[in-house]
Amino acid sequence: MAAIVQGIGSTAAPCASSNKFLLSSLGSSLLEKKRNFFVVRSDGKCYTGLNQQQRRAQNVVTNAVATKEEKASAAVGSKPGHELLLFEALREGLEEEMDRDPCVCVMGEDVGHYGGSYKVTKGLAEKYGDLRVLDTPIAENSFTGMGIGAAMTGLRPIVEGMNMGFLLLAFNQISNNCGMLHYTSGGQFKIPIVIRGPGGVGRQLGAEHSQRLESYFQSIPGIQMVACSTAYNAKGLMKAAIRSDNPVILFEHVLLYNLKERIPDEEYVLNLEEAEMVRPGEHVTILTYSRMRYHVMQAAKTLVNNGYDPEVIDIRSLKPFDLYTIGNSVKKTHRVLIVEECMRTGGIGASLTAAINENFHDHLDAPIVCLSSQDVPTPYAGTLEEWTLVQPAQIVSAVEQLCL
Amino acid sequence: MALSTHRTTTALLRHLTPAISYLRHISTDSTSTITVETSVPFTGHKIDPPSRSVDTTAQELMSFFRDMALMRRMEIAADSLYKAKLIRGFCHLYDGQEAVAVGMEAAITRKDCIITAYRDHCIFLGRGGTLLESFSELMGRKDGCSKGKGGSMHFYKKEGGFYGGHGIVGAQIPLGCGLAFAQKYKNDENVTFTLYGDGAANQGQLFEALNMAALWDLPAILVCENNHYGMGTAEWRAAKSPAYYKRGDYVPGLKVDGMDALAVKQACRFAKEHALKNGPIILEMDTYRYHGHSMSDPGSTYRTRDEISGVRQERDPIERVRKLLLAYDIANEKELKDIEKEARKQVDEAIAKAKESPLPEPSELFTNVYVKGYGVESFGADRKEIRAALP
């Protein structure tokens, strides 16, 4: 899989806010201690010392990351599948749905003749015509409203925000009309619209182009939010979102578009409300979504080498949360770490923390730890931007703190 | 008011049988054409306005009178219900503007779409809504058109092509262009009437939507119901150019006397033909509301009572049709009074029935948040009730 993540910093995390776990000297000395007691036998079993941790790590998982080839072949069976990049997977899903249902149409800035600023809609305008792949003027409020009006009559539009941040201009339409019309009309109208676009922190794009809107939209009643992170789930979620009769906001990430993966040849649709088990484990549940999944998996490699067995779940469904999968995991591991790219205040992690606390409080051995981005506008300077986000080293130290 | 009449059977019969009303009933239902001139000519912007002479029938004029009387009675009843605290929240009344609703209905079919802002009770009625649904919704009962969950500003009728009922000023305009987009997409020869007020005419999204509608030749007709006051602000205090029909610039516009139902009908028919061939057109309906902006607004702090009563005397839409009916001898005073009494009775019955309608069940709080099927029945955002099945 493509390594998008930054290199693991071996130095301590920056002295930013208090919600980050600093690599304390106490922690590192404990690490030293653990290594001394650690004996891995040839059958993968761990020789336990006096430490509580090692008693639990009965089976060391040799492979920290479930490789995509394994997963794809497990899902598919005999067919090998085909390799493509994430944006191509999105396009494939889009094209299949447009072939299947003539009511599906795309509208957005530069989606038609230009092919989409991230090439997700490349070639579609030539195939389906200018009306089905509509180049709109730069008027987010109005073309989102237009999409919603078209959806009221039965069309299934996909509105693309060139960058999720631009959809703030359409907030009124998304909140009041998209989310609420099914309810305020007493069920007369449904709004089968998909609003999608790239968000998240890119490579030094500046504050206004590095926004995470999932936190702003999460309170809107009536919408569903999903975040894709791999080519496999991007295509599946795109198809599911288009087929859904509810308004769905599909969050993509600017830096994940070039992820290469092998996906099945046959048609598949994923469940919009389901979370994805990335790596089963025993010690701690790490909940994440979108790009932070890769930071977490990078940290997981280190954690496994240090004797921990994290269970990594990509929650995928940001609204509603898949509390079924998450709950089962919490009941197994009793410790939760949330790693997200959202801001600390009012982010997805904050809601998830509240939801888990409310529902699974009795099963928790330790308070939930939530690692989020700093509550600052994303700076332009590269180093500062790096420190705004959660880095794998912070994840590692957080897990170590949690599992003490 | 200048009338040019053709000799119709009614005029002839008048001399022959003044006392026999059954013959008049035959002529009342006749569909022979009457041509009436509108009170003022149309003014066009970048378009040739339609003719002042409007063809109508006795039947149509009677239906205008009946419908407008019903709408007027409904709004006045809503006024008293609000003061009796049976209707809460915001209640925006349409009395004075009824001609726009009935004139538009006369020119179009139920397949054409209408979308409007929050002053939507009468348009809902025109689109096929019943009094019971209307009053139940206003009082928040189960039998309301939106099951009591929408309220005054959220009346919808899908079968009637009425897309609401929107509270945020101007937000319905892009929605209306979306309806027109869908009509163009499906190639079904229908149009969308997007209504907004003189206050909303200053919204940016209007011009954004207008640009897109003109760019893609969408069959959208934007109708500015200019009642000259955006809540408490007069139009000359809010708009540099209160000639709203000209504000479309490259989009043609037509100024219409909105208190004359026949003028509205002519303009809407003209606009529909135009929109299907050439794309969007703006209609400015010069109209007036007797009540304040809403029930919380007395309506007299920013305008004089003389102005209101002046308009009521000179331009009232129901009076205009009444005079037409009397002049053409389609009905006499007593019959028209009976129709108004009938309207009152219907409204009172509907209110009584609506009062008996139960309040929505508590479980209704969570229904219709999501569509069942691929979504979930939601009991709060985080708890999954039913797992969706893949198709």
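**The interface between chain A and chain B**

In this predicted model, 58 residues of chain A are in contact with 50 residues of chain B. The two chains bury about 4,600 Å² between them, and 62% of this area lies on carbon and sulfur atoms. On the chain A side, the residues that lose the most area to chain B are Met146(A), Tyr183(A) and Gln188(A), which together account for 15% of what that side buries.

Polar interactions across the interface were also examined. The rule finds 17 residue pairs in polar contact between chain A and chain B, with both residues at pLDDT 80 or more. By contrast, zero salt bridges are found across this interface.

The side of chain A that touches chain B draws on several elements of secondary structure. At least two residues each are supplied by strand 4 (104-108) and strand 5 (133-135) of chain A, and likewise by helix 6 (140-152), helix 7 (171-179), helix 8 (181-184), helix 10 (231-243) and helix 12 (323-333). Helix 6 of chain A provides the largest share of this side, namely nine residues. Sorted by class, the side of chain A that touches chain B comprises 28 nonpolar, 21 polar and nine charged residues.

An unreviewed UniProt entry lists residues 84-259 of chain A as "domain: Transketolase-like pyrimidine-binding".

How values were computed. Residues numbered from 1 in each chain as written. Chains lettered and ligands numbered in written order. Predicted model: local features only at pLDDT ≥ 70, side-chain atom pairs only at ≥ 80, totals over all residues. Heavy atoms only, no water. UniProt positions renumbered as here; feature names shortened; annotations may be inferred. Contact = heavy atoms within 4.5 Å. Buried area = accessible area lost by both parts, 1.4 Å probe. Salt bridge = Lys/Arg side-chain N within 4 Å of Asp/Glu carboxyl O. Polar contact = N/O pair within 3.5 Å; in protein donor to acceptor, adjacent residues only side chain to side chain. Helix = DSSP H or I, 4+ residues; strand = E, 2+ residues; numbered from the N terminus. Nonpolar A, V, L, I, M, F, W, Y, C, P; charged D, E, K, R; others polar.
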